[in-house]
Amino acid sequence: VHTFRLKGCHLCMCVTALSFHFDGQARTVSVPPSGHLKAVIERERRFWKGNEPGAAVDADGIVEPEEYANGRAIFGGLSLKVSRDVMVPRSGSLHVVDSVLRALRDCPESRGPVLDMGTGSGCLLLNLLTRWRGKPSMRGVGVDISARALSVARENACEMSLTPLCDFLPGSFAAPPLACRRNGDNEEPFCAVMCNPPYHVDSLQNGLDASVIKYEPHLALFA
């Protein structure tokens, strides 16, 4: 994948299949791209989409992310509502859901509720619950410090008819819930915790795209 920009050239290389001979037969093994590569490809796609004719450019000459302009984002095949109160879901974050699914399938006795810290739009938790449908029931709790983000997550859950399976509660990393409350006062401990936390250093904002700094919520971006 070659991408050329006005200020430089970015080259990404990925092996998607490996061909070899074994016992006189030609064989091919598919090699899925890594989560990091997926994130780079998504970044480049967003950049070039923003530089197409007709892209929404604001008064500062900064391209508004199409997801905010449309109010929707696609994540793992799901169409989610997004606003500037939540980050745009990145496809590279799907590996978090994949890891939790693998862990739960490897430990069938661990089928308790799942906690999603810093849930934002609810993209991780809702993707997990959607992919778990048809199997033994699973519940989830999404926690976020932003009341507006929680409102977006609840709307997404309602659109997907997942409201009976999940709750979205106010909270922070400093005081996470320890159990899921069910049937009145009964509490069930979480069997897994998902989290895609803020991981950018506030003093290094200059290293991010201008559209990210201007449009995405700093509360979710910077630690």
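The model is predicted. The protein chain has 223 residues, of which 35% are buried, and its secondary structure consists of seven helices and 12 strands. A search of the whole structure turns up zero disulfides.

**Fold and surface**

- Among contacts in the protein chain with a separation of 6 or more, 63% are between residues 24 or more positions apart.
- The protein chain exposes about 13,000 Å², and carbon and sulfur atoms supply 57% of that area.

**Cysteines**

- Cysteine 123 has a relative accessibility of 10% and counts as buried, because buried means under 20% relative accessible area.
- Cysteine 166 is also buried, because its relative accessible area is 4%, again under the 20% cut-off.

**Serine 93**

- Serine 93 sits in the loop that runs between strand S6 (78-81) and helix H3 (94-106).
- Although Serine 93 is in a loop, its relative accessible area is 12%, so Serine 93 is classed as buried, the limit being under 20%.
- Leaving aside residues up to four places away in sequence, Serine 93 touches Phe75, Leu124 and Asn196.

Technical notes: Residues are numbered from 1 along each chain as its sequence is written. This is a predicted model: local features need pLDDT of at least 70, side-chain atom pairs count only at pLDDT 80 or more; totals for chains, interfaces and linings use all residues. Side-chain values use heavy atoms; hydrogens and water are left out. A disulfide is a pair of cysteine sulfur atoms within 2.5 Å. Buried means under 20% relative accessible area, exposed over 50%, partly exposed in between (1.4 Å probe, protein chains only). Helices (H or I, at least four residues) and strands (E, at least two) are DSSP runs, numbered from the N terminus. Contact means heavy atoms within 4.5 Å. Accessible areas come from the Shrake-Rupley method with a 1.4 Å probe; for residues, only the protein chains shown count as cover.
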